[in-house]
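Dear colleague,

I am passing a structure on to you with this email, and below it you will find my notes on the contacts between its side chains. Please keep the structure open while you read, so that each residue can be looked up in turn.

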Amino acid sequence: MTEAFGSPFVSLVFAFAQHDGKKIIGDGNCLPWDHLPEDMQNFKKLTMAPRVMSNIATPAIIMGRKTWDSLPRKPLPHRKNIIISRQKNLNPPDGAAVFDDMGAALQACDHQASVIGGAETIDLAYRFANVIFASELLGEHILSRNPQSPCYLTLDYEKDFTEVERVEFLNASIPFIVREYHRHGYNAEANLKKLLA
């Protein structure tokens, strides 16, 4: 799949841990693991870094309503916050917009859009994305509690994407690896090490 002229660069950005043989990315409106500052710093870099041009307009982040509800600070600064929701009475503050359709949401972006969750929103954006940045938390007993409302990533993205670069954070409070994947046929340089430097 190639980017259409005028369409934004779309990446999927998420973190997961293995749980019951599946990729868990959330638990209700919370992350299922303890605060991981290194991953939060990476998230900021990956969702704010210019990807397409040096004079890029404000990059966008796209999320579902539950992810929006989970944010401790709304909207996330220095990014256009876009919420996918069918709720008619959702009135976000200035700096955020609501759409009920992924295509319309992408049309509202300038040159860069990072889709950050939850699983259903990532599913909706999957066909538009050429790059995935996936952080995998390593080891046992990562989850801070037994998940009550686990949210699992169901995409088998490794059949459509190839890993092109990785950065390891093995000395973090929870060891993890960030991987950059490119969709098959997407010919571009890997950027992960540069973005996280």
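Lys159 counts as exposed because its relative accessibility is 54% and exposed means over 50%. Please bear in mind that this is a predicted model. The side chain of Lys159 meets that of Asp160 in a salt bridge, with 3.1 Å from N to O, and Asp160 itself is partly exposed, at a relative accessible area of 21%. Salt bridges with shared partners also join Glu136, Glu163, Arg166 and Arg179 into one network.

In total, the structure holds 7 salt bridges, and two further ones can be described in some detail. One of them is formed by Asp69 and Arg65, whose closest N and O atoms are 2.7 Å apart; both residues lie in helix H2, which covers residues 65-70, and they are 4 residues apart, about one turn of the helix. Asp69 is partly exposed, with a relative accessible area of 32%, and Arg65 likewise counts as partly exposed, at 24% relative accessibility.

The other salt bridge is between Lys80 and Asp110, where the closest N and O atoms are 3.6 Å apart. This pair links distant parts of the chain, since Lys80 belongs to strand E4 (residues 80-84) while Asp110 is in the loop between helix H3 (102-107) and strand E6 (112-117), 30 residues apart. Lys80 is partly exposed, with a relative accessible area of 26%, and Asp110 is partly exposed too, at 29%.

Turning to the rings, the structure holds 5 aromatic pairs. Among them is the edge-to-face pair of Phe14 and Tyr157, with 5.8 Å from centre to centre and 65° between the planes. Phe14 lies in strand E1 (residues 9-19) and Tyr157 in the loop between strand E8 (150-153) and strand E9 (161-169), so that the pair, 143 residues apart, links distant parts of the chain. Both Phe14 and Tyr157 are buried.

Phe169 and Phe176, by contrast, form a stacked pair, with 4.7 Å between the centres and 5° between the planes. Phe176 counts as buried because its relative accessibility is 0%. Ring pairs also link Phe14, Phe16, Tyr157 and Tyr181 into a cluster.

Finally, there are charges that sit over rings: Lys23 lies over the face of Phe16, at 5.4 Å from the ring centre, and the charged end of Lys22 sits over the ring of Tyr152, 4.1 Å from its centre.

Terms used. Residues numbered from 1 in each chain as written. Predicted model: local features only at pLDDT ≥ 70, side-chain atom pairs only at ≥ 80, totals over all residues. Heavy atoms only, no water. Phe/Tyr/Trp six-rings, centres within 6.5 Å; stacked < 30°, edge-to-face > 60°. Helix = DSSP H or I, 4+ residues; strand = E, 2+ residues; numbered from the N terminus. Buried < 20%, exposed > 50% of the residue type's maximum accessible area, 1.4 Å probe, protein only. Lys NZ or Arg CZ within 6 Å of the ring centre and 35° of its normal. Salt bridge = Lys/Arg side-chain N within 4 Å of Asp/Glu carboxyl O.
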